[in-house]
Amino acid sequence: MKRNWTPIAIVAVAALGLWQVASGAYIHAKAWLAQELIASAWTRTLEGEREVKPWPWADTWPIARLQMIDKDVDLYVLADASGRSLAFGPGYVNGTAAIGDGNTVLAGHRDTHFAFLRDLQPGDEFAIQTADGRERRFQLNETHVIDSRHQRLQFDENVDATITLLTCYPFDAITPGGPLRYVAVAGIK
Amino acid sequence: MQRNNKQRQPRFRAKAEHSFAALFCLWILLAVAPITQAQTVEQEIGSGSLTVRDDQGRAIDAPRMETAVRMKVSGIVARVEVSQRFHNESDAWVEGVYAFPLPEHSAVDTLRMKIGERIVVGEIREKEQAQKIFEQARQQGQRASVVHQQRPNLFRTAVANIGPGETIEIVIGYLQIVDQDAGRYSLRFPLTITPRYIPGVDVNTEARLTSETPIAALTLAVPGDDTATLGDLQPRLAHAHPQRQSVSMEIDIDAGAPMEHITSPYHPILVDATERGAQIKLRNQQSPPDRDFELSWAPVVKSEPAIALFREPTDQGEHVLLMFMPPQESRPINTPREVIFVIDTSGSMSGESINQARAALMNGLRTLQPADRFTVIQFNSVHEALFDEPVSASEENLSRAQRYVRNLHATGGTEMLPALLTALSMPESREHLRQVIFITDAAVGNEDQLMLAIRQQLGSARLFTVGIGSAPNGHFLRNAARTGRGTFTYIGSIDEVESKMTALLNKLTSPVLTDIELNWPAGVVPEYAPASIGDLYAGEPIVVTARLQSPAKGTLSISGRTNGTWTRQISLNGMQPRTGVASLWARNRIGDLMDSRANGATDDSIRGSVLPLALQYQLVSNYTSLVAVDRTPARPDGESLHSRRIPNTKPNGLDWPAEGVPSTATPAQLNFAIGALLLLAALGWQLRERRLQRRQPQ
């Protein structure tokens, strides 16, 4: 009798589907869990240690804590914005000014850590604590969208402390890697 | 009964399955719908440029700055004046702070401040004292300026109390020896700074920098370095904007004979050739300072022996500058080579630089002979070797290496030290000549650590540095090559890769000139700077400065060894006097003393010998600065002074922010969508199967 492969194929397709859903869930789980692990690294950083790696094989470390109490946002900002680091938290974009000393750019994933950006309105405030324990308050001035294929971030050179939060856009796009970026600019209060 | 049951059960199951299917459809609709919604939102927000306002809605601009460079080249010495004009276009009193690079080994000896018609000449002072004088003047509302050296090739000026609408010009002067290689002369002028990476330093803990910051607070966690400031090594960058910052160049070359092949690979120039040389200026005298300037030329007649000998007697003694082109050996060496390519794939290399680096590396791979051995190491925040130790340059290994190189991307930090140590500690073979070829922009701040590693770990290897990009750290690359007994090659654009790498290959495969000795007439005790001449490669001249106790007469004999030994006699009687020779000697001597830190000299002993030398010869150094104060008070009491840092122009071709715009979306949504579709497909298929099965019995 000819073997009927159909049930096996159906199970295989279903398994593939489940695997995909699990992969998606894993990304979210990792994003959440990493932040929990980084919390203790941050405590040690505030106590004076430098470059505290949240887990032994990590190649990044927290440099700041971004909080927005009313929106339930509490994020540890990592030292770089490479793809590896962004899976675990928002990252500081190398080459931009240090926090509190000009135009700082922080980048995060639009569907995990920086998903809250879509709800921000000009006038909203957030606080950033740096490794020296100092806390600065920033107020959102404006938001806009740029196309990274032919537009660059434009900075006013002379403003003292500005935080630019950067994430992908649109927030609900299914495929990653699009050229649009959502830019939220906050000045020091 | 049985039949009934059989029919009923599937029907029930089908019902349940239908509702699942409906749920999945709904889920997918939910997942897809926001995309269309988002696209309309985007149109509402629109895309545009970013404007940032300060709290009062009023921004005080940094002064606009024009740089004018005037060079006067006579023979092999260049006298350069860099004028920086600070225009204050705001209605407040401002101070301009500007960090800028100068060529390595430039002897900075002049500062003039021009306010309208008046000129105030700067004086050399011990660094702390200069800063104190400057700050005092600054507080009293007097116009003042100061020039500090931050790194051997990085300087910082501050100009205080520029009135509303006022322009203050400062002129910085220095001397430099013209480079000579394979019969061509060249001059480089760096115009901007590539942000440097400093291992172990957290940018975000560093305090802000203004001219008020006390010198002691400008320290940085780089061992033995007390002058670097993070603000200068991680400069704020501005996009090239000719209205804010521009540069012009005027170069007057007196070669004593007609010149040819005058080229400027990175800037269009206008050349006015004369009988004795040429006058050159930039075609666009308002060029953005976003890439280094380079000019090279050759004398029309090359047959005469290339010797240049100059003297300058001062109170400190007789100073001599000698340049001599040794006889060239044309036979190539036959020893097989063992080449370790080390390539920088850090974030600062992103953009045009990594393309150049890849092309240079590909070119280097092509030059390997079957008997040679090689490997490739790349580094950014971590490093990785293609082969753990050098392998034979077989076709298979080479094609693997080419694939590897094609896939190199620039991202992350610049942890150069571990990569360098890995390269230098690879097991050496006796039958091969070990050559390390280091391709990087050297955007690093821990130069001293790296130099120490090279000095200690080099063994019998030779280190060749290849500088890449619009503004590499030339001082470090040149010094590393000298310490590594190799050469420094600068590649500024992709078009040059071929010619520069061919010239490098010529050096790699030609015999090295060693054991260079100078024999002075009896009774003459020379103090050389640099203290040792080192080995030379094909086409490189011997360049020596020396201080003698008394003028020398008679003949100087120079000897060296390539395949055989040779000796040349040079008469000292016809030496031409030339101002600047003493300063050049002192600058080289200071360079040697600063480098002695790597051999274990303490900071105190270095300071003890450099400080008097720099004060005597009136040079800016690690411990001395130039300060100029206009005693007339300018700023009225009660008007406050605003300090503004002038951003450096982003090096051309550097993606900025350094890593480009990061990708900021995860594939989670896509995973969910694909997963949902697959589950739905499986479900639909299952339903169809059931329906077919039900039909079959009838």
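Guide: Let's start in chain A, where strand β4 (residues 102–107) and β7 pair in the parallel sense over 6 bridges. Two strands pair if DSSP finds at least two bridges between them, and the elements are DSSP runs numbered from the N terminus, helices being H or I of at least four residues and strands E of at least two. Before going on: this is a predicted model, in which local features need pLDDT of at least 70 and side-chain atom pairs count only at pLDDT 80 or more, while totals for chains, interfaces and linings use all residues. Residues are numbered from 1 along each chain as its sequence is written, chains are lettered from A and ligands numbered from 1 in the order in which they are written.

Visitor: Which residue stands opposite A:Ala107 in β7(A)?

Guide: That one is A:Leu166. On β7(A) there is also a pairing with strand β8 (residues 180–188) of chain A, this time antiparallel and through 7 bridges. There, A:Thr167 faces A:Tyr182 of β8(A).

Visitor: How many residues of β7 (residues 161–168) of chain A are buried?

Guide: Burial is a neighbour count: 20 or more other C-beta atoms within 10 Å of a residue's own means buried, 12 or fewer means exposed, and anything in between is partly exposed, with C-beta atoms placed from the backbone. For β7(A) it's 8 of the 8 residues, so the strand is largely enclosed by the rest of the structure.

Visitor: Which residues point one way from β7(A), and which the other way?

Guide: In a regular strand the side chains alternate between the two faces of the sheet. In this case A:Ala161, A:Ile163, A:Leu165 and A:Thr167 take one side, A:Thr162, A:Thr164, A:Leu166 and A:Cys168 take the other, and all are buried.

Visitor: How many helices and strands has chain A?

Guide: Chain A has 2 helices and 8 strands, in the order α-β-β-α-β-β-β-β-β-β from the N terminus. Of its 189 residues, 47% count as buried. Chain B has 12 helices and 35 strands, and 46% of its 698 residues are buried.

Visitor: What percentage of the contacts in chain B between residues at least 6 apart in sequence join residues at least 24 apart?

Guide: A contact here means that two C-beta atoms, placed from the backbone, lie within 7 Å. With that, the figure for chain B is 77%. In chain A, residues 24 or more positions apart account for 52% of the contacts with a separation of 6 or more.

Visitor: At what angle do the axes of α4 and α5 of chain B cross?

Guide: Two packed helices are described by the angle between their axes and the distance between the axes. Axes are lines fitted to C-alpha atoms, for helices over the stretch in contact, and angles run from 0 to 180 degrees between N-to-C directions. Helix α4 (residues 352–366) and helix α5 (residues 395–406) of chain B come within 10 Å and cross at roughly 175 degrees. They are therefore roughly antiparallel; angles under 35 degrees count as roughly parallel, over 145 as roughly antiparallel, 65 to 115 as roughly perpendicular and the rest as oblique.

Visitor: Which residues make the contact?

Guide: From α4(B) come B:Arg358, B:Leu361, B:Met362 and B:Leu365, and from α5(B) come B:Leu398, B:Ala401, B:Gln402 and B:Val405.

Visitor: How far apart are the end C-alpha atoms of α11 of chain B?

Guide: The expected span of a helix is 1.5 Å times one less than its number of residues. For the 14 residues of α11 (residues 603–616) of chain B that should be 20 Å, and the end C-alpha atoms are 20 Å apart, which agrees. Just after α11(B), B:Gln618 takes a positive phi of about 60 degrees.
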